[in-house]
Amino acid sequence: MPIFLYIEHHSFVHRLHPTVKVLALFTMFWSVYWVDHPLALLPLGLLMLAVAQITGAWPNFYRLRWLFILVVLTTTVAWMVFYRRGPALIDLPLIHLSRASLLFGFGRGLKLAELLATSVLFLSTTKVEEFTAGLARLGVPYRVGFAITLSFRLVPLFIDSALTVVQAQRLRGYDFDRGGPLERARRYVPVVIPVFMGALRKANAMAMALEARGFGMSRQPTSFIDYPVRARDLAATFSLCALCALYFYIYYSGYGAISPN
Amino acid sequence: MKSGNPALEAAAPCGKSEPASSAAPAAALDDVSFTYAGGARPALRRLTFEIAPGEMVGVMGASGAGKSTLAKCLNRIVPEFEGGQFAGRVRIGGRELDGARVWQVAPRVGMVFQDFEAQLFSTNVAHEVAFAMEQMGMERAEMARRIRPALEAVGLAGFDHRDPTSLSGGEKQRLAIASVLALRPALVVLDEPTTDLDPEGKAEVFALIRSLRGQGLSLIAIEHEAEVLAGADRLVLLRDGEIIAAGAPRDLMTRIDLLEECGVHPPDLNRVLARLGIAAHAASVDEAEAAIWRAMPRVAVAGDPSEAPRQVRDAGFDDGPPLVEVRGLSFNYPDGPPVLDAIDLRIAPGEFLAIIGQNGSGKTTLAKHLVGLLRPTSGAVMLSGRDRSTLPPAETAAEAGYVFQNPDHQIFAATVADEVAFGPRNFNLHEREIEDRCDEVLRAVGLEEARARDPFLLSKGERQRLAVASVLALRPRLLILDEPTTGLDYREQRRMMALVRQLNRDGIAIVMITHTPWLVAEYARRVVLMRRGRKLYDGDVREFFARTDLLASSSFRAPEATELARRFGTVALSADELADWLKARN
C-alpha cells in the first residue's frame, strides 16, 4: 500500500511551476479562511473536486474518505454545542440546534475539509523537490524549505511505524479502547514512546547521511531539475490572484458571513 | 589505476580543498582516540590505521568494537556530529582534516550507511544521485554528465525516473552508493551496507563492491561476516577500540577462534578445513574442495542420499494434533493483488519451522495471520483446533507470541522488569505470578542482572532478547520471530539462537522468518519457502538444501559448507557436521 500521496500524472496542474503550486496552496488557504458561509465555500469545494478529477487524485481522497466525513460531522455537531445563536429549532441541554448553528457548524466542517482537500491536492501533484524549489523561489531559506518538505516525507513513515507499534502492544494484550477519552489518550503512552524514540534515531541517521552528502555546503544549492516559467504559469498566477481578490471582496462585503438570524 | 568508468575516475573535489598528494595514503588515522559524550570507555583507543590508494580494507569486529566510529572519523562525523572527546590526527589524501566540517569532506570521502531508508531524500532516482552534487553547487550540465555513469556503475542504468521507494532493498542501497560515486570521491566507506538486506540484495551489493574493487577505488567495508570480505586486500580486526589483528584475508580468516572471540562469523570453508586439521585458507568452494582432496585423498564420496549426516530431532517435537492449522488462506489488501494465495499449513507443537522467501513473497503476511494481526480474505486459521478469529485476545496471546524484527517497536517501559511485566499485567495476573514470570523469562534470556536497568540503554542484542522475554512472559505455545538476528553480531546471533533452540527444546513451537541461510540450516527442522504468495516448498530442511533447483529459483543461497558438502555427494547443514562426516569417511 503506498504511504506517500504523490500520484504520477501528466495533468496541467502537475506541470505547473512549483512556485505556482505553492502559491495555489496559499491562495486556497487564504480564500477558505475569509468566509464562513457554506454557500461561499461551495464554489471552492467544486473547484477542488474539478482539480481532483483533472489530476487523478481521487485515490487519495478515497483513502482519506473517513477522515473527511469525520471532520465535517464532528465539527458540525461540536458547533451546535458552542454556537448558541439564532432562534432554536431544537433546544436540548447541550445542543442548540438553530439554522445559524447548523450553517455555522457545517461551514466550519466544510472549511476544515477544504483545507485538508487543498493539502491532499497539493501533495498529490507536487514532489518534495518541487515543494523545496517552490519555497526557495518565494524566498524561504533552502535549509528551512528542505526541512519542511522532508517532514512531509517523514510523516507517513512515522505513521507506518506507529501502526507496527500498536500491533506489537496489542499482541501483548494491551487494550487501547478502555476507559473515557482522557484514559484512552493516556493509554497511547506505550505507542508514543517507541515511535518517538524511533523518530529520534531516524532523524539522527538522516542528519548524518545528509551531512555526509554535503548538505550545508552551499546556502543556495543548484538544482538538477530546471523549472522554466511558461505561459500557463502566468495564467495560473493571474487566476489565483483574482481568486484571492474575489474572496477578500466577499469577506469585505459581508457576503461570506453567517447572520445569527 | 584508471577505472574506465568516468564515475570512478580520480577524485575531483569541489569546493575549497587543495590537490591531494598522489603518494599519500588515501586515508590515515594517526593515534586516534575517541570517547562518546557520556560514554563509559573509549570507543577508539590510540588507533593508527592507513589505507593506500586503490586498496580495499575490510574492517571486522563485534558490535561496540569501534568499527563504525573508525568509519565516522574518516568524514568527520566523529567528532563534528557525534560529540565526545577526540584526540589524534586524521588525513585524507595527505591533507589533515582537523577542524573540517562533515560537508567539506563529502567530496573526498563517500559514506554509505547501513540504514538505506535514511539516506534517500528524493522522489526520483536521477535526482537522488544529483542531490549531493546540488549541495556542492555543481552546474546542471555537469550533474547530468555524472549521473549516467554512476547509475551504470551500480547496475541501475535506466532506472532514472523510478521513485526510490519503489526499489528493492538491494537497489536502494546500490542507489545510495551511486549517489556517493557521482561525487567521484577518492575513498568510499561502506558501514555494514548489507545488514538489512535479503540474500538477493546482499548478493547485489557484494557484486557491486567487487566490481568497485576492480576499478581502482579505495574502499573500506565494515562487516560482521568474514566470508563477504574475502576479496579485500587486507583485513583489520577490532576489539574494544583497538586493532588486535591485521593482515591478508588468507592469514586472518584462518584464525577461527580469534574471529569468533571477536564476534565475527568465520568463513564456513575455513572452519571445515580447520576442523579437519588442514592449515589452509579457501577463498572459494573450489579451493576448499581441492585442499580437502590434497589432505584426504582417500575420502569416500557418498553415492546414496541415505549416507548424508543424520539430523537429530530435538526432544520437544510432537507429532500430535496440530497447534496451528491454516486452511486455504488467501489474503489481499483492498483493490490489491493477492498477497497470499490458498495457503495450507500445519504446525505441530514443538516444531521448529523457518519461513523463507524473497521480500514481498508473503512471509510476514502469513505469520501475522497466525496471531490475528490480519484477517483472511478467505480461508481459516485454527489455533489448537479452534478458529483463531473466535478466540479472545488473552487466549490468542497464550497460544501464539510474535516478536517483531525491530525490538524498539515495543520497548517503552522505564525498567527491564516493567517491560517484561507489561504483558502479564494487561491480563490482570496476580502481582506474585507476574514476579515469578519475570524471574523465569529474564533468567531464560540471560537478563536477570538487568531487571532494574533502563531498556533503552541496553545493547541491540540485549533489547532483542528483552523483546523475546516480554513475549515469553505470556507463556505462548508458539513463538513467531521475525528476523530475530538482524543487526546483531555473530556472538549475539549465536546467543539469540541458542535461546530460541532452548525454548524449542522446552516445548515451544518456533516459527522463524529469516533471510539468513546458516540460521535455517543449523537451527530449523522444517522449511516453508514462499514465492509470490504461494507455498513453493514445505518440508525437511535437509531435503530443501539438496534441491538445487529450488535454491536457484528462489535466490536463496545455501551456506558455503552445504555447497562444499555437495561436492562430496552429501548434504551437510553446518561446517562442523561436514567436517565430522568427512573425518568418518576418510
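# Exercises on a predicted two-chain model

**Exercise 1. Determine how the axes of helix α10 and helix α11 of chain B are oriented, and identify the residues that make the contact.**

Solution. In this predicted model, helix α10 (residues 268-275) and helix α11 (residues 285-295) of chain B have axes that come within 10 Å and cross at roughly 10 degrees. Angles under 35 degrees count as roughly parallel, so α10(B) is roughly parallel to α11(B). Next, the contact itself is considered. On α10(B) the contributing residues are L269(B), V272(B) and L273(B), while α11(B) supplies V285(B), A288(B) and A291(B). By residue class, this contact contains 6 nonpolar, no polar and no charged residues.

**Exercise 2. Trace the pairing of strand β14 of chain B with β11(B) and with β15(B).**

Solution. Begin with β11 (residues 324-332) of chain B, which pairs with β14 (residues 378-383) of chain B in the antiparallel sense over 5 bridges. Within this pairing, E325(B) has M382(B) of β14(B) as its bridge partner. Then turn to β15 (residues 386-387) of chain B: 2 bridges join this strand to β14(B), and the two run antiparallel. Here R386(B) in β15(B) stands opposite L383(B). Finally, inspect the connection. The hairpin of β14(B) and β15(B) has 2 residues between the strands, and S384(B) takes a positive phi near 50 degrees.

**Exercise 3. Describe the architecture of chain A from its secondary structure and its domain assignment.**

Solution. Chain A contains 10 helices and 2 strands, in the sequence order α-α-α-α-β-β-α-α-α-α-α-α. The C-alpha trace spans about 65 × 60 × 30 Å along its principal axes. Of the 261 residues of chain A, 35% count as buried. Among contacts in chain A with a separation of 6 or more, 76% come from residues 24 or more positions apart.

The domain assignment divides chain A into domain 1 (1-139 + 230-261) and domain 2 (142-218). Taken over C-alpha atoms, the centres of domain 1 and domain 2 of chain A are separated by 27 Å. Their contact takes 8 residues from domain 1 of chain A and 10 residues from domain 2 of chain A. On the domain 1 side, helix α6 (residues 128-137) of chain A provides the largest share, 5 residues. That side of domain 1 comprises 7 nonpolar residues, 1 polar and no charged.

**Exercise 4. Locate R475(B) and decide whether R475(B) counts as buried, exposed or partly exposed.**

Solution. R475(B) lies in the loop between α16 (460-472) and β17 (478-482) of chain B. A buried residue needs 20 or more C-beta neighbours within 10 Å, and an exposed one has 12 or fewer. R475(B) has 16 such neighbours inside 10 Å and therefore counts as partly exposed. As a further reference point, the C-alpha atoms of R475(B) and A417(B) are separated by 16 Å, the two residues being 58 residues apart along the chain.

Definitions and conventions
Residues numbered from 1 in each chain as written. Chains lettered and ligands numbered in written order. Predicted model: local features only at pLDDT ≥ 70, side-chain atom pairs only at ≥ 80, totals over all residues. Axes fitted to C-alpha atoms, helices over the stretch in contact; angles between N-to-C directions. Helix = DSSP H or I, 4+ residues; strand = E, 2+ residues; numbered from the N terminus. Parallel < 35°, antiparallel > 145°, perpendicular 65-115°, else oblique. Contact = placed C-beta atoms within 7 Å. Nonpolar A, V, L, I, M, F, W, Y, C, P; charged D, E, K, R; others polar. Pairing = 2+ DSSP bridges. Domains from an automatic or database assignment.
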